[in-house]
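Visitor: I am new to reading protein structures, and I would like to go through one with you slowly. Could we look at it together?

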Amino acid sequence: MLAAAAQQMALPALREELALLPGPVLPDGQPSWTLHDPTRNLFFRIDWPTFELLRRWGMGTAEQMAKDVNFSTTLQLTEADVQTVAQFLTGNQLLQPSRDADTPRKLAERLAQIRGTPWNWLLHHYLFFRVPLVKPDAWLGRWKSWVGWCYSPAFFCLTFLALLLGLFQVVRQWEGFTAQLVDTFSLEGLASYAVALLCVKTLHELGHAFTAKRLGCRVPTMGVAFMVLWPMAYTDTNETWRLTDPRHRLQVASAGIATELLIAAWATLAWGLLPDGPARSAAFVLATTSWVATLAINASPFMRFDGYFILSDSLDMPNLHERCFALARWRLREWLFNLGEEVPERVPPRQQRWMIAFAFGTWLYRLVLFIGIALLVYHLFFKVLGVFLFLVEIAWFIWRPVRMELKAWGERRKSILQRGRTALSAMVLMALVGLAFVPWPGRVTASALLRPAESWPVYAPSGARLDELKFREGDRVPAGAVIARLHVPDLNTRRQALTARVDQLRWQAASSGFDEQTRQRMLVAEDTLATAQAELASVDTELRNFAPKAPYAGTLRDLDPDLREGQWLARKERLGLLVKEGTAWLVETWLDEAAVPRIRPGDRAMFINDGADTAPLQLRVQEVDRDASRVLTRPELAAQAGGHLMAREKNGQLVPERAVYRVTLVLAEGQTLPEALNHKTLRGTVTVHARAEAPGLRYLRQASAVLVREFGF
């Protein structure tokens, strides 16, 4: 009886300043309207039934309104529909407050709920806040006629031609373009990019503002928004919801990107036509900044940047993210629990699949982006504050949505427990967890080098000319035989001069008995002769390095087939490799600290050379170094040469980016080296049958090591 009486009570009146504007036709063909709240500059799109109820809101009761709508239109509404609209109006503060004594308290509670605690205020303003700088509406009205030529078809055609010509110039001067790009990675270049980015983003926002103003919308403010303390320019174009044509809203949304692309097109052409100098450098910076900023940031539809609004307006789907997220959450619950709940929004099946896929793609994109932001914030501040802000980022952007979904599951706990799909999902989850923490037979794969255990590289100690090469590829070299003779003009000239000097000093010493003055300087002459002889011996020793002799008997391998006598060689250029007779062959690789504990001497392994022209070699692990290698002695295994090890060059040596340990493997018993591989140093892939390990434990150990390292104070 009380419920029936409540339904007959008069509904609260609408706020008088609200405006009802015509909206676009919805995808299902029904008209729509836009409800404008000028106090907060908010817009609400409403459908036909809501519009008919708002027209009759002054009639009083829900029963009278529903009956009048059903009598005057083809709609069939109930009092429950009226109550739903009333809840929407109340929740968005579109109704006049009642005059009872409890109203001030309710309004105060509502204000306190909106403001939140000081902690919530600080958190929200750290994550995002806006700083309005100017009120440009009047200025835009005065200047919009001056920029009208930018919107003409002739200007767009001219810009397209400029783009084609600019790209043609870039292709023609590609080496100069890339060289200038490398030159800008300096302190001065980064400062230029910062200034260019500021200018481009200012013009970007003016593009939004002028386009909105030309279409009759008001632009109340422009300023700077801070997302996690990162500044971004913004323009308040909320009034574009007044526009009934979706194409007009699309023009406003895409105006910023279009402006940047216009700048990029003309700047690219300017770079191609201008001579070297400051003007050309400025054009290069503007061109590259505009292209990168547009493609990497503004064009993304996964955040609420221009790309999102362009996609939303082109599809005429306001609140695209929220609607896709609602569908994706519903679909996830149906997959996991088969609750049979009503779909949040009825759309064609193909569109529904697209929206769900878009939602999951957005979640994945945001997960990667927010983790990256959290790591960036962590590294920008001192350690204590960095750790705190890192946890805030993770809690707000990642854990908070997960917690809200878990809360929704908790509200449906009874229905979830009654469904058979729940047991199936639980079993699948337990199986996945079990697979993650059950040891799996493991394999460790890495690039490796097959080489002889004992070999001697033959190389030119310094720049020299090859005068004689006594042996060829595959020849047997006796112990002590001279492999090659190299000619060094400077050393030979120096030796001739020293030989002449020694002969002269010897003649002077021999003739000292015939001359009194020479006999007096005999001791000095003997010292000079000894010094000259020592220098000559040193030169002879150095020259012997240019006639390398085999330290043992072996086979000469890896000779350059294009090597010819009379050819000049660079310093440390290798001529070949002398492989000792009867030497064993081994495989050498380096593994990181996560793989090394799983490998022990005696473990089986297999080697496949990169040419894959022979059968795999069966190996066994011979030795695993206990200490990490400071220098990578085999450059063939570096990533720069196609290997698996990340290394950087430092003082002429390759230094691994992370701790790696040398692992040596030998041929297994009964395994012989094929004739095709004999006496060749080859790179390939080695696979070691390591100890079984649970994949989850490996990741947990790695995560724990990172946490201990980064959170240690």
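What follows is a conversation about this predicted model.

Guide: Residues are numbered from 1 along each chain as its sequence is written, and side-chain values use heavy atoms, with hydrogens and water left out. Because this is a predicted model, local features need pLDDT of at least 70 and side-chain atom pairs count only at pLDDT 80 or more, while totals for chains, interfaces and linings use all residues.

Visitor: How many helices and strands does the protein have?

Guide: Helices (H or I, at least four residues) and strands (E, at least two) are taken from DSSP runs and numbered from the N terminus. Counted in this way, the protein has 22 helices and 21 strands.

Visitor: What percentage of the residues in the protein is buried?

Guide: A residue is called buried under 20% relative accessible area, exposed over 50%, and partly exposed in between, using a 1.4 Å probe and protein chains only. Of the 713 residues in the protein, the buried ones make up 37%.

Visitor: Which residues have the most contacts inside the largest nonpolar core?

Guide: A nonpolar core is a set of buried Ala, Val, Leu, Ile, Met, Phe, Trp, Tyr and Cys residues joined through side-chain atoms within 4.5 Å. The largest one has 25 residues, and at least two of its residues come from each of several strands, including strand 15 (585-592), strand 20 (660-667) and strand 21 (682-693). Those with the most contacts inside this core are Leu591, Ile599, Phe607, Leu619, Leu665 and Val686.

Visitor: Where do the buried residues of helix 3 lie, seen down its axis?

Guide: In helix 3, which covers residues 62-72, the buried residues are Ala62, Met65, Ala66 and Val69. An α-helix has 3.6 residues a turn, so residues three or four places apart point the same way. The arc is that of the directions from the helix axis to the C-beta atoms, and the buried residues of helix 3 fall within 95° of it, so they line one face of the helix.

Visitor: Which exposed residues does the face of helix 3 turned away from its buried side carry?

Guide: This face looks away from the buried side of helix 3, and its residues named here are exposed. They are Lys67 and Phe71.

Visitor: Is His321 buried or exposed?

Guide: His321 is found in helix 14 (residues 320-337). Contact means heavy atoms within 4.5 Å, and, leaving aside neighbours within four places in sequence, His321 is in contact with residues including Phe302, Tyr308 and Phe358. Its relative accessible area is 1%, so His321 is buried.

Visitor: What is the relative accessibility of Lys213?

Guide: Lys213 is found in helix 10 (residues 187-214). Leaving aside its neighbours within four places in sequence, Lys213 is in contact with Asp137, Leu140, Gly141 and Lys144. Lys213 counts as buried because its relative accessibility is 15%.

Visitor: What is the relative accessible area of Phe305?

Guide: Phe305 has its place in the loop between helix 12 (278-298) and helix 13 (306-315). Beyond its neighbours within four places in sequence, Phe305 is in contact with Met232, Ile297, Asn298 and Ser300. Phe305 is partly exposed, because its relative accessible area is 23%.

Visitor: How far apart are the C-alpha atoms of Phe305 and Ala253?

Guide: Along the chain, Phe305 and Ala253 are 52 residues apart. The separation of their C-alpha atoms is 9.2 Å.
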